[in-house]
Amino acid sequence: MGQADLLRRAVSKKNRQVLEEQRAVFVNGALKQGYDIHIAEEVYALIVRFADYGFPKSHAVAYSVISYQMAYLKAHYPKSFYAALLSNATGNAEKIQQLVNEAKEQGIIFYPPSLKHSTKYFTVENDGIRYSLSGIKGVPHPFIETVKAIRQSNVEALNNLFDLAVALSAQHFKPKVIESLIFAGALDYLEKDRAVLIKTVEAALKHAELLRPTEDIDWASATAFSFGKPKYMQAQEMTQKEKLIREKEVLGFYISAHPVSEERAFWPDTNVTCRELKHTRDGTYVKVIGLIEEIKKIRTKRGEQMAFAQLQDEYGAVSITLFPQVFQLVQDFLKEDEILYIEGTVERRFGKPQVKVKHAQTTKKI
């Protein structure tokens, strides 16, 4: 029984070394039991084959049923399907970005996070999906539950940063949390520039400390003797570039806009996007701009440097290859988050398109 369990473990772990070591033990044992050597070897070959990849029928049927159900939901209820997958991927920015890009390719639109409308899950809203509050870095679950309670009892408090601070109490109105919400666009419905809101956070906190330092104080009692609210602070309008940088910091990717979509207007020669590249035939010469990610530099057998990278736009990402001659021209500005204009030919690898770059340059106007 001990030998049998040893073999069982080797099968489940696909341990080729133990499988080979146990072959002679199994065959010799079968011979002692009166079996023909050819039968013993044939049976052991089946065991090894099963170890490479094997499913019991019940397991295979269960997987098949789940696969069918998932495919049905994806085909007939795509928004609900992706909202569920995204909620499950909360905390994994890379996975969320992958799912968002895939959903966008299906024509699904995304609404940015909103303190008024978002929940701790991704939810279906109108013709699209509303981004969740728990998908914002630095926003804890107790805070989300407190906001949920405010919506039910005092929804008007969400319409002003100072009222929000009092409704939350100074105990829950934490500047770092509120700043994350502002940078994510979750307070854009207040129709104040994000720079103004960021500058006003401290004043709102002091207002809450004065009227309602802890949640133990009743909201009605705290505001009964209030003589008006402070005013929003003045601040220089936040640039679009800074907005997008901050969005990526707290969400892991861009949601309100994408740097590439704005830059593309200045490059009329581009003829494809990352989404269209998936349907472009091999050998097609393409012109595309995108944001550089995941750079991997290597040296060829001749000792020359070349690189592989991901080129991302608002529709997805594609792998690009920069051979030594092209790499030398762009190595100074081949950096993550740099926008490049590239030209090259499409070639599929493992079923996915990639671009062999023939020409590349920065989109910055020098």
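Predicted model: local features only at pLDDT ≥ 70, side-chain atom pairs only at ≥ 80, totals over all residues.
1. The side chains of K120 and E145 meet in a salt bridge, with 3.9 Å from N to O; a salt bridge here is a side-chain nitrogen of Lys or Arg within 4 Å of a carboxyl oxygen of Asp or Glu. K120 lies in the loop between β1 (109-111) and β2, and E145 in helix α7 (residues 141-153), so the pair ties together parts that are 25 residues apart in sequence. Helices (H or I, at least four residues) and strands (E, at least two) are DSSP runs, numbered from the N terminus. K120 is partly exposed, with a relative accessible area of 28%, and E145 is also counted as partly exposed, at 38%. The terms used are buried for under 20% relative accessible area, exposed for over 50%, and partly exposed in between (1.4 Å probe, protein chains only).

2. Residues are numbered from 1 along each chain as its sequence is written, and side-chain values use heavy atoms, with hydrogens and water left out.

3. How many salt bridges does a search of the whole structure find? The search finds 17. Side chains of opposite charge can pair when their charged atoms come close. In one of the salt bridges, the side chains of R130 and E125 meet at 2.7 Å, N to O. R130 counts as buried at 9% relative accessibility, and E125 counts as buried at 19%.

4. A further salt bridge joins the side chains of K248 and E293, at 3.7 Å from N to O. Because K248 lies in helix α12 (residues 240-251) and E293 in strand β4 (residues 285-299), this pair ties together parts that are 45 residues apart in sequence. E293 is buried, with a relative accessible area of 14%. Salt bridges also link D5, R8 and R9 in a network.

5. The next point concerns helix packing. Two packed helices are described by the angle between their axes and the distance between the axes. Helix α2 (residues 16-32) packs with helix α3 (residues 37-52) at an angle of about 155°, and their axes are 9 Å apart. Axes are lines fitted to C-alpha atoms, for helices over the stretch in contact, and angles run from 0 to 180 degrees between N-to-C directions. The two helices, α2 and α3, are therefore roughly antiparallel to each other; angles under 35 degrees count as roughly parallel, over 145 as roughly antiparallel, 65 to 115 as roughly perpendicular and the rest as oblique.

6. Is the crossing in which α2 passes α3 left-handed or right-handed? The crossing is right-handed. A crossing is called right-handed if the near helix is turned clockwise from the far one by less than a right angle, and left-handed if anticlockwise. R23 lies in helix α2 and is partly exposed, with a relative accessible area of 31%. The C-alpha atoms of R23 and A45 are separated by 9.0 Å, although these residues are 22 residues apart along the chain.

7. A nonpolar patch on the surface is formed by Y68, Y72, L73 and Y77, with about 460 Å² of accessible area together. Patches are made of residues with over 30% relative accessible area and no salt bridge; like charges are joined within 9 Å, and nonpolar side chains (Val, Leu, Ile, Met, Phe, Trp, Tyr) within 5 Å. Accessible areas come from the Shrake-Rupley method with a 1.4 Å probe, and for residues only the protein chains shown count as cover. Y77 is placed in the loop between α4 (57-76) and α5 (78-88) and counts as partly exposed at 48% relative accessibility.

8. N126 has a phi near 55°, a positive value in a residue other than glycine. N126 is in the loop between β2 (123-125) and β3 (128-130) and is exposed, with a relative accessible area of 62%. E191 has a positive phi of about 60° although it is not a glycine. E191 lies in the loop between α9 (175-184) and α10 (194-211) and is exposed, with a relative accessible area of 74%.

9. Finally, a separation in space may be noted. L210, in helix α10, is exposed, with a relative accessible area of 69%. From C-alpha to C-alpha, L210 and V124 are 39 Å apart in space, and 86 residues apart in sequence.
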